Amino acid sequence: MGFCRLTLGIVGLVFVVVGLAFLVNPVEMAGFLSLRLGSRDHVEIRAVEGGLRLGLGGFLLVASRRDRWIRAALGSVILSGCGLAFGRAVGMVLERQFDRVQFGVLGLELGAAVLAFAAFNQARAAFEASRNERRRME
């Protein structure tokens, strides 16, 4: 379970740090992604990019310490990473925006999903071994 916990801890910490950065300084963070924000956009960016990432990161960090939550949390990383990557890839194609930043973020999203998938499979094996051991003891 060490690999699973480490995966959730790293991804959770990244989400928390990025979420806090968007909450504190949405203009600079949006600029990094080549987004130009109007004054009314700050609230939305703080809520979605800041608050949502902060909340998901907090969940992943808590789940990394609870055996029964690990697979669900890893599943959320897989699905959110794939969803973000899919949306980004579609956006890149439709908008014809192929730059290093977008490819870099796409790589991070896919990398997190692949890492979480590997950990998810390892967690399943650990879960099955634990279940079998419990059955033998009964």
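**View 1. Where helix 3 meets helix 4.** L56, F59, L60 and A63 of helix 3 meet I70, A73, S76, V77 and S80 of helix 4, contact being heavy atoms within 4.5 Å. This contact brings together seven nonpolar, two polar and no charged residues; Ala, Val, Leu, Ile, Met, Phe, Trp, Tyr, Cys and Pro count as nonpolar, Asp, Glu, Lys and Arg as charged, and the others, Gly among them, as polar. Helices are DSSP runs (H or I, at least four residues) numbered from the N terminus. The model is predicted, so to speak of local features we ask for pLDDT of at least 70, and of side-chain atom pairs 80 or more, while totals for chains, interfaces and linings use all residues. Residues are numbered from 1 along each chain, and side-chain values use heavy atoms, without hydrogens and water.

**View 2. The largest pocket.** Here is an open space of about 750 Å³, found on a 1 Å grid over the protein atoms alone as an open set of points with protein on both sides within 12 Å along at least five of seven lines, where a 1.4 Å probe fits and lining residues have an atom within 4 Å of a point. Its volume is the space filled by probe spheres set on the points, which are joined across faces, edges and corners. Of the 27 lining residues, R53, R88, V105, L108 and E109 are the closest to the centre. Helix 5 gives the largest share of the lining, eight residues. By class, the lining has 18 nonpolar, five polar and four charged residues.

**View 3. A look at R53.** R53 sits in helix 3. It counts as buried because its relative accessibility is 19%, the cut-off being under 20% with a 1.4 Å probe and protein chains only. Beyond its neighbours within four places in sequence, R53 is in contact with F15, V16, V18, G19 and V48.

Key: Helices (H or I, at least four residues) and strands (E, at least two) are DSSP runs, numbered from the N terminus. Buried means under 20% relative accessible area, exposed over 50%, partly exposed in between (1.4 Å probe, protein chains only).
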